[in-house]
Amino acid sequence: MSILLALLLLLAAVTGTGIVLVREPRRQVFAIAVNGLVLTLLFLALQAPDVALSELAVGTVVVPLLFLVAIASVRTSRAGEDA
Amino acid sequence: MSLRLRLILLALSALVLVPGFGSVIGHIPGFGSEIPAYGELINRIGPAERQVANMVSAINFDIRGLDTLGEEFMLLAAIAGTVVLLRGQRGTDTADTAIRLPGRPLVPRAEAVTLVCRIFGPLIAVFGLYIVLHATVTPGGGFQGGVILASGTMLIYLGEGYAGWRRSVLSGWLDAMEGGGALVFTLCGLGPMLVGAAFMENLLPLGIYKDMLSGGLILIENLGVALAVTGGFTQLFLEFMEETREPAAGEDTPSE
């Protein structure tokens, strides 16, 4: 295992733990995106470019976007009820 | 269940599971040590019998094409379910305004954002099409290209705003693309049966190895998947973005 792979695996573990430790939902979305980016690089280093492309598109664009929209929708409707 | 009880349960189950877990870890092959037999077989028959350079496409669309057809319908069902759950009056009018937290300032869109989106939007669309068309040659394919194309449409929202985005991305077209893509894939499976071949048998001319138009039926299946994924994911974005609009007057907001 090369140093690059070891480093990327370590980064994946660190960013994955980061998602759990960040408790604020909006920041958590960006933590997920960062983890997705690290996983993309890891898959690329493991010579799986097809999986890397899927991960890049789904993990760093689609999933964070849908989460952000869901969070925005929940927050604003709650604020409206309070008012 | 008290914390103490949980810890005891954890310790007990660890006692049972850890030895097995340890022995499995001890027996897994070394990292990247050997290529399994199946991989070698695929590497041999992919170029020889299908003229395909991207083995992942050869597996997904030809050797295990039936599995991908199943996934295709899984995607269709998942997106249809989301649309049924989220469809409502809210956000269907292009002039609907965004809901916002009271007291938060409304920042106008900078011209630079519009410019960047107008430059990169078409580039991303071209890149997505490139990924779709070169499925049998380079990494990627219908799914990856489709997701890239779908996320490219979000740049229209970012650059032109909700109204402009809704005017250019039409829901009816997306439905047709999604269903039509799945239909193309299904017909690719049933078509060969008309001439007496097996389901999804690759009867089309295979082309030249490493050429864009290689792989025969794989290319058409791939276009079907690209259509379905582009339509499906854009539809997903559309339904979710509608939820960020101000609810229409008189519409019941769900109480949860």
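Tutor: We start with a definition: helices (H or I, at least four residues) and strands (E, at least two) are DSSP runs, numbered from the N terminus. Keep in mind that this is a predicted model.

Student: Which residues of chain A does UniProt list for "domain: MrpA C-terminal/MbhD"?
Tutor: The unreviewed UniProt entry gives residues 10-74 of chain A. Over that stretch the chain is 91% helix and 0% strand, with the end C-alpha atoms 34 Å apart.

Student: How do I read the packing of helix α4 and helix α7 of chain B?
Tutor: Angles over 145 degrees count as roughly antiparallel. Helix α4 (residues 65-86) and helix α7 (residues 171-194) of chain B pack at about 160°, and their axes are 10 Å apart. α4(B) and α7(B) are therefore roughly antiparallel to each other. The crossing of α4(B) past α7(B) is left-handed.

Student: Which residues in α4(B) and α7(B) meet?
Tutor: From α4(B) come L69(B), E72(B), F73(B), L76(B) and I79(B), and they meet E178(B), A182(B), F185(B), T186(B) and G189(B) of α7(B). By class, this contact has 6 nonpolar, 2 polar and 2 charged residues.

Student: And between chains, how many residues does the contact take from chain B and from chain A?
Tutor: Counted in residues, the contact takes 20 from chain B and 19 from chain A. On the chain B side, α6 (142-168) and α8 (217-242) are the elements that give two or more residues. α6(B) gives the most, with 6 residues. By class, that side of chain B has 13 nonpolar, 5 polar and 2 charged residues.

Note on methods. Residues are numbered from 1 along each chain as its sequence is written. Chains are lettered from A and ligands numbered from 1 in the order in which they are written. This is a predicted model: local features need pLDDT of at least 70, side-chain atom pairs count only at pLDDT 80 or more; totals for chains, interfaces and linings use all residues. Two residues are in contact if their C-beta atoms, placed from the backbone, lie within 7 Å. Ala, Val, Leu, Ile, Met, Phe, Trp, Tyr, Cys and Pro count as nonpolar, Asp, Glu, Lys and Arg as charged, and the others, Gly among them, as polar. Axes are lines fitted to C-alpha atoms, for helices over the stretch in contact, and angles run from 0 to 180 degrees between N-to-C directions. Angles under 35 degrees count as roughly parallel, over 145 as roughly antiparallel, 65 to 115 as roughly perpendicular and the rest as oblique. A crossing is left-handed if the near helix is turned anticlockwise from the far one by less than a right angle, and right-handed if clockwise. UniProt positions are given in the numbering used here, feature names are shortened, and annotations may be inferred rather than shown by experiment.
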